[in-house]
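Subject: Handover of a structure and the findings from it

Dear colleague,

Please find below the structure that I am handing over to you.

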Amino acid sequence: MSVCETEGLVKHRPLGSSTRTADTLTLLSYPGFRDELKMNVNQHTPLAAPYGQPQPGYVQPGYAPLDGGYPTSYMPYHGPAPAYQHGAPQQGYSPFTSFPSKAVAPNPVSDPSSPLDLGPARGPPSSAPPPVATGQPYNQYNQSQGDMQNGPPPMTQEPPRPAASQPYNSGAATLPGHQPSYPQHYGHPSTMQQVTNQMTGMQINSGPPTAAGPGYAPPYSSQPPVSSAYSAAPPPSYTQAPPPAVSSGSVQMAPPSVPPASQQQYYGGPPPQAFNPSLPPTTSQQQFTSAPPTSCQQPLPPSSYSSPMPPPSQAPPPLVSQPQQPFPPPQPAYSSAPPPPDSQAAFTSGPPPGAQVSFPPRAPPPSSLAGSFPPPGPPPSSAPSSQYPGSISPHQRPLPSHPSPYHSGPPPPRAQMPPTSMAQSNHLPPGPQGQQQPPLQPGMSAGYPAQQNGAFGQVRGPQPGYAGPYPGQPNYGAPAPAAPAQKRLDPDAIPSPQSSDMPAVQKSRHRIDPDAIPSPIQVIEDDKAKVNEPFTTGVRGQAPPLVTTSFQVKDQGNASPRFVRCTAYNMPCTSDMAKQSQVPLAAVIKPLATLPPDEAPPYLVDHGESGPIRCNRCKAYMCPYMQFIEGGRRFQCAFCSCVTEVPPHYFQHLDHTGKRVDCYERPELSLGSYEFLATVDYCKNNKLPQPPAFIFLIDVSYNAVKSGLVSIVCQELKILLDNLPRENPEADSVVRVGFVTYNKVLHFYNVKASLAQPQMLVVSDVADMFVPLLDGFLVNVAESRLVIESLLDQIPEMFADTRETETVFGPVIQAGLEALKAADCAGKLFVFHTSLPIAEAPGKLKNREDKKLVGTDKEKSLFQPQVSFYNTLAKECVAQGCCVDLFLFPNQYVDIATLGVVPVSTGGSVYKYTYFQAQSDQERFLNDLRRDVQKPVGFDAVMRVRTSTGIRATDFYGSFFMSNTTDVELAGLDCDKAVTVEFKHDDKLSEETGALMQCAVLYTTCSGQRRLRVHNMAVNCCSQLADLYRNCETDTIINFLSKYALRGILNNHTKAVRDTLINQCAQILACYRKNCASPSSAGQLILPECMKLLPVYLNCVLKSDVLLPGADISLDDRAYLRQLISCMDVSDTHVFFYPRLLPLMKLEGDSLPVAVRASEERLSKGGVYLMETGLHLFLWVGASVQQELLLNIFGTPSFSQIDSAMTNLPVLDNPFSKRLRELIDSFRAQRSRYMKLMVVKQEDRAELVFKHFLVEDKSSSGGASYVDFLCHMHKEIRQLLS
Amino acid sequence: MSTYQEFIQQNEDRDGVRFSWNLWPSSRLEATRLVVPVSCLFTPLKERPDLPPVQYEPVLCSRANCKAVLNPLCQVDFRAKIWACNFCFQRNPFPPSYAGISEANQPAELMPQFSTIEYIVQRGTPAPLIFLYVVDTCLEEEDLQALKESLQMSLSLLPPNALVGLITFGRMVQVHELSCEGIAKSYVFRGTKDLSAKQIQEMLGLSKPMASGQQGRPVAPQDASAFCRFLQPVHRVDMNLTDLLGELQRDPWPVPQGKRPLRSTGVALSVAVGLLEGTFPNTGARVMLFIGGPPTQGPGMVVGDELKTPIRSWHDIQKDNARHLKKATKYYEALANRSAVNGHSIDIYACALDQTGLLEMKCLSNLTGGHIVMGDSFNTSLFKQTFQRVFSKDYNGDFRMAFGGVLEVKTSRELKVCGAIGPCVSLNAKGSSVSENVSERTFNINHNAPVPQGGRGAVQFVTQYQHSNTQRRIRVTTIARNWADAQSQIQHIESSFDQEAAAVLMARLGVFRAESEEGPDVLRWLDRQLIRLFMFHMRRSPFLQVFNNSPDESSYYRHHFVRQDLTQSLIMIQPILYSYSFYGPPEPVLLDSSSILPDRILLMDTFFQLVIFHGETIAQWRKAGYQEMAEYENFKQLLQAPLDDAQEILQTRFPMPRYVDTEHGGSQARFLLSKVNPSQTHNNLYAWGQETGAPILTDDVSLQVFMDHLKKLAVSSSA
């Protein structure tokens, strides 16, 4: 960073000197555009057609987007077509469009409206014209954008761009394009064109790389092209891209919002003005109260930037004013800034600084761009603020006028806010139509502010105000903007003079505006906004809302997305197509997923003694796709076409449509998911199963006792035993329990009800494990309660003085297995284990941890089990239906790769609590344990996936065992386990029939009933690649790719696996670019709408600890994560790879704050953020957070008094604290594992850990930043295309 | 000197010894001609209330391979303070502590009445007695309950400092830890896996402490209890153990239909032996095994768990059809030897209706001096009282048992020991044998060298053992007999013949052979050897006849036969039959079917059974209830008389006999009918007339026929 910064500074300064920030910004942005990198996230929006309806909506919505409009717009989207159509939706849509890149994407129509799409990618450059359609507004936008763009680009671009001036032009062009594009997108459902447009928009011009991007080139020249992508240089490209993207909207949603912001910032000047014009008054004002700073603000920022010093000073004032409103500070800054130049001018001038300014202003901001932020830590903060201010300032200016909007914005959705801001800025430029278009740019600028707002309050508020006008814009900028805005907003930053300096640096680095590249947040928010009514599964090939969106599902013949999610809902008809596209065809199936209370669990169907009705040939179960013929006397299998007689007792007449009359009375004929009662034929040994048993095996060696584990477990078990899983909540659970403790030998306990005291049976013959007793070992809790409690009381005492440090492990599992065998039932073992099993016994392990092997060819061996003993054991366990859950409490290497073999093969889980301390880890452990014990679980399960002729399930990923190629055997299957199934063609599919899959899981319930759960899924088939790309789900693809990669490292060099991933991803995108995107400059990065997040997510996967270990990541950690991920469902992988980062500055009502992107530059020094990764929960507290916040959250006024060791927030009686704790609780409730809360104070040592999860930034282990990676990806794609 | 009869009786009372010949032929040739070998029945620990032990150590001959103990037969030079060993003629000085001896002041061991003398040895720390219960849990609930009660009761009979341990087994083997508070803890072993002693000790966590222990010497009790959680002083774990026993469950493993419960007797014993071996080698210990069925799995398995495969019978054994027999026997013999070497004895209490594998396991007791008790159920007084009697005490309040006995036999040069029959195992040392828990033994003494005329042969028995009060004691019995020249003094020799002793000795030899040879061969051998009344019954006894007896029963009877004293042995060979009637006092009657009369009550004592048999008329009277009527008081007394006598026998005998009260025509009458001489059978019934007795439905020859044949044979063979 430092290096970059310095360079940046140098360069920038010159630039700055030459021109104002605003100018530079614009320039930068332009260059960027010119440059190759154009991220068009083509939204398949067009494809989105499904959403298609939305189109209408979109258009308007498009505008709306920025504002709160999004949500509305989304709503419409989701809403069936009709809904969309509604005028209302439109408005709504517009907003959405902006966001919902995805949502938008789907809806072609929306595209136009959707800012993102429209804006950036398509519109901008070439397509600008096309966009035209949507055009007019866009045009306006364009115009405005032009300004705006200037704005946006500035952010990132500016710095690099110095040269930018040209860029500007180009950029301008592009921008306009973008804007138009946005419009296009939105409106545009225009498919291809839009796409291209989007492309352009998206175009994250790698421009920088390419010398082409004059502006960029210069700065990045070196980096520019290929390397550039990664290198800082690349960023520029990105930046460019971003802007485009933003404009393009493809990336849009996110980008738009962000980009807008950035743009605004960049353009700051201009946009602001523009915005000002349009929005100005209101929004800006509020936020910037001072907004007043007179439009100057924009300039101001720049100015501020330009003249760092001043800004600071100014900043302070703003801050002051800000206090009330987060933005305020910025405003001051802005105000100051503003004063200097006219809006734009100022900016421009500022830009130089400004560009820098906007972000740079307060160094941090810039940093943010490059990631410089992080380093500047403090400066950043200031910087951010400055930036924000800067940006804000620009915005502010606009804001000033806008301010009110902003304010108002806040009220609306947060996202909107930013957007609004963006919008404003955009609007400003656009002025008239602008709103929408403007939004884009405005969005840009506004975005920042918005973000700022968001950061502080929530900018959104303002949006409302904007909403009207900008809505569309908001959409664009909104999302993205928000994030950036916030960072930049940091009013604090502004004040500090340093920041000003910093900015420059930052500017230099960033060529690509992070806000201009596809933003996950934007996409997520857009999608959320689209959903306003239940998702019905009746329509074949319809992609469900994202996992991050909460929605209701109505089963109308296909399995709920909670059970099954596919990577593509439009499968290619032929394997050639599939190969060409390289899009993985897979489904993530979570057969026993828990449904929300408002959705009915699958119905239980009893077909009587003869068992479920099945196809004679392929044995597929009766399902809605079976075609009844001959008056209902026979049915034709939908999978294999075989005709089967209908058994007499099942006969029913057909109605005139050929449907059975009782179709809707029978779940198996009308629903996607249901259960059959299995007959004795489906049971092991043709004997109805016994109720399962739970066996608790507790390590009582020295370590376990000392850490307090033993007493905690025993204490907890007393309570837990009342909560064993049961089907009928009224009745006692029929699950029997048994207890074993062990160190070098095993201790079984006889807890028969008739005993006065439990009896301990020691088995020291570990070489040849056996179970010493049967009757009395597995008991009914209710009957033996007293004895069990007595036992659990005594265990900790008995071993309190133990000196035994050696443990065994293999025999422990054998013991449980033998016990289940003896009892002739299935069951689950809960093993609480602390150390590497070195005692003499089967399965003995040695310490093989060797860091030197990491990165070598031998690394892969470390992921493989050390001995084959456990594989054999696992096989036996599976045969018996013995599922093993392993709770590990290691203080050193325990070889999880080996110990985990059995849990993973038996459908169990591994939990790991490194350096377990009773005090701090107890809560997490106990919650995990409780959940693990209580959760619904099936035993002795076999899963079989049947597909229609033409495709075939070829590969399975998850926690299970396979003894042949088709049956997935799971000793245990709980509600959190997902299996990813990959499909391959073995023949052609037809577009008429689509592709069917039926997943049947035969299992034993916790009450000992044998059942078959059936999930049916039908997807469309397509012969056009475009259709494929239109209907994919990136989250699911990532889920698949990550599991694929993690399996790959068992046999391949990690690096090779990473390369494979990158290649595949590049091929997917290149194929799209080649076949689906309209021709455009090779420099444009065009992404399919529904895959526009693929690069960012993929980058997260590549950077994950497993694939790219940092120095502090142990082999155990990697093995642990590897196994963990293998059974994650889509929502788990999503949050795991891209953590959710929520600003907590304002918590109001029931809605969540809009997340910000996982990048340090999005963090405001004055803010508090909550980050969730699915495994961890961080509360990040900025160094200059307001006292009030601290008081509300921690009950202490001083930052230094915050106890960073706390794992739970103090219970304070104020709404904020309550709401925050509720929020945390609800997060925890959503995940299968309890997340321990870690309070991270800014600049604390622990912050390193936290930063590790800021996945858009460069990681300490060498992972590329998002911007860098996007550049690299672009390069790869270009190589593939050429 | 009085009669030989008196002499013999006196010798038996004083020394517990009965010789077949009380004058010994002076050469081997002559001895062989005598047919009945020169041998003796010796009861090493014959109870001698009148013999107070002396509190010092015996004086030993200083010759390394002699080590005979100073005895009344030694020549002593009081002035020189020197004595000459009468076995090796070594001249030994008296130890300093004997400085004061003179002819007037002789130590006890030099006085003739102290031909048997007992020394208390102060060497080493006294080790507490050890009782290790090995309990089968595959019993019927009722049986188990009875057994538990017996065991709990036995705790109160143990001396407080005795160490007690508990091993239970069924499908698994559990070694219960007795020291821990709270949770009852036990170590479990798989019932199918043969473990070495070392493995067992390791698994029980016993491997380390022995390192410092004195090799071959008992470990101090406090040390022992510190490291051995499985054997604890009774006074400390009394309550604990009582609770533990109270909570003993039946083997928790379900037994499927058509299967025997899985019983890991072999491993349980192996663990018990291993445990004691590791913790208390060479210390008196008693392993008490309670079984309710045959071992069905693991090493030592006697029969599989399939009920459709019956346990081996004599028939199977003769046909060589007993799959597990040899293997199991070998396994138990190995265990028995290990146990004997360490001075631990093993009792077997087998209570089941079917066989329990005593045939295979008998060596456990036979070689270690343990008891074998066989019954139908633990819930019978037979078992309960027998078990109680194991802990009976002598006049001093000490158990009538001793541990870790080592019996050395020293003989004059002219004699050599050729073997011993009894509950002992050879140490393979020249001229000595080892055993413990001694009650009765038979020795064969063979001539080695020609004996000088007119001299006296001497035999010295030196028995070292641990007394039940934990003292170590040495009992020395020295016996001398005159030599006689068979040619010149044949009458003397004849008159010195001890008919009873000879009969028992011959019977034991026969049984000993029967153990190792085919039944008919033994009978033939016996027939050739001697002819006496006893032999007729001997031939028909279960000791030699396996017909109608299961292998287990045979083993059981033989076991007791070779270890009871002479009187009891005689009873076993020829049951005693008393007759009660209004015609006079009870009188012994011939063991003959002719004694079975309607108006008599018969009391038969076969040692193993005590049968009261009411004649037909008596039975009818009893049924009619005459004994309840005042005017028939005498009838009541008549009925009561045999009961009282039986009670007296029951009180004293170990193991308690099976008590049968039956009547004419009763199913249990078979016990009587099978023993009596079948002088009247369905074959000759009418020939003999019907006036007396009851016919026996058998094809066996009667005594009359036997004698006829015998006479014929004697004549013809001599011819």
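**Salt bridges**

Over all chains of this predicted model, the count comes to 73 salt bridges by the rule applied.

One of them is in chain A, where the side chains of Glu599(A) and Arg562(A) meet with an N to O distance of 2.6 Å. This pair links distant parts of the chain, 37 residues apart. Glu599(A) is in the loop between strand 6 (586–589) and strand 7 (603–605) of chain A, while Arg562(A) is in the loop between strand 3 (553–554) and strand 4 (564–566) of chain A. Glu599(A) counts as buried, because its relative accessibility is 7%, below the 20% limit for that class.

A salt bridge is also formed by Arg1140(A) and Glu1172(A), whose closest N and O atoms are 2.9 Å apart. Arg1140(A) belongs to strand 27 (residues 1140–1143) of chain A and Glu1172(A) to strand 28 (residues 1168–1172) of chain A, so the pair ties together parts that are 32 residues apart in sequence. Both Arg1140(A) and Glu1172(A) are buried.

In chain B, the side chains of Lys185(B) and Glu177(B) meet in a salt bridge at 3.8 Å, N to O. Lys185(B) and Glu177(B) are both buried. Elsewhere, salt bridges with shared partners join Lys828(A), Asp885(A), Arg931(A), Asp932(A), Lys935(A), Asp974(A), Asp976(A) and Lys977(A) into one network.

**Interface of chain A and chain B**

Chain A brings 26 residues into contact with 19 residues of chain B. The area buried between the two chains is about 2100 Å², and carbon and sulfur atoms give 56% of this area.

Three salt bridges are found across the interface of chain A and chain B. Among the salt bridges of the model is the one in which the side chains of Asp765(A) and Lys193(B) meet, with 3.1 Å from N to O. The interface of chain A and chain B also has 13 residue pairs in polar contact, with both residues at pLDDT 80 or more. On the side of chain A that touches chain B, the elements that give two or more residues are strand 14 (746–750), strand 15 (759–763) and helix 44 (781–798) of chain A. Strand 15 of chain A gives the most to that side, with five residues.

**Cysteines**

How many disulfides does the structure hold over all chains? The number is zero. Two cysteines illustrate the sulfur distances involved.

The sulfur of Cys999(A) has its closest cysteine sulfur in Cys566(A), at 11 Å, which is too far for a bond. Cys999(A) is buried, with a relative accessible area of 2%. For Cys66(B), the closest cysteine sulfur is that of Cys88(B), at 3.4 Å. This distance is also too far for a bond, because a disulfide requires sulfur atoms within 2.5 Å. Cys66(B) counts as buried at 8% relative accessibility.

**Strand 3 of chain B**

Strand 1 (residues 17–19) of chain B and strand 3 of chain B run antiparallel and are joined by three bridges. The bridge partner of Arg18(B) in strand 3 of chain B is Leu41(B).

In a regular strand, the side chains alternate between the two faces of the sheet. In strand 3 (residues 39–42) of chain B, Ser39(B) and Leu41(B) point one way, whereas Cys40(B) and Phe42(B) point the other way. All four of these residues are buried.

Gly738(A) is located in strand 13 (residues 736–742) of chain A, and is buried with a relative accessible area of 0%. Leaving aside residues up to four places away in sequence, Gly738(A) touches Phe694(A), Ile695(A), Phe696(A), Phe777(A) and Leu778(A). The C-alpha atoms of Gly738(A) and Val781(A) are separated by 9.4 Å, with the two residues 43 residues apart along the chain.

Asn71(B) is in the loop between strand 3 and strand 4 (75–77) of chain B, and is buried at 1% relative accessible area. A polar atom of the Asn71(B) side chain lies 2.9 Å from the backbone oxygen of Val69(B). With residues up to four places away in sequence again left out, Asn71(B) touches Asn86(B), Phe87(B), Glu109(B), Leu110(B), Gln460(B) and Thr478(B).

Yours sincerely

Key
Residues numbered from 1 in each chain as written. Chains lettered and ligands numbered in written order. Predicted model: local features only at pLDDT ≥ 70, side-chain atom pairs only at ≥ 80, totals over all residues. Heavy atoms only, no water. Buried < 20%, exposed > 50% of the residue type's maximum accessible area, 1.4 Å probe, protein only. Helix = DSSP H or I, 4+ residues; strand = E, 2+ residues; numbered from the N terminus. Pairing = 2+ DSSP bridges. Contact = heavy atoms within 4.5 Å. Buried area = accessible area lost by both parts, 1.4 Å probe. Salt bridge = Lys/Arg side-chain N within 4 Å of Asp/Glu carboxyl O. Polar contact = N/O pair within 3.5 Å; in protein donor to acceptor, adjacent residues only side chain to side chain.
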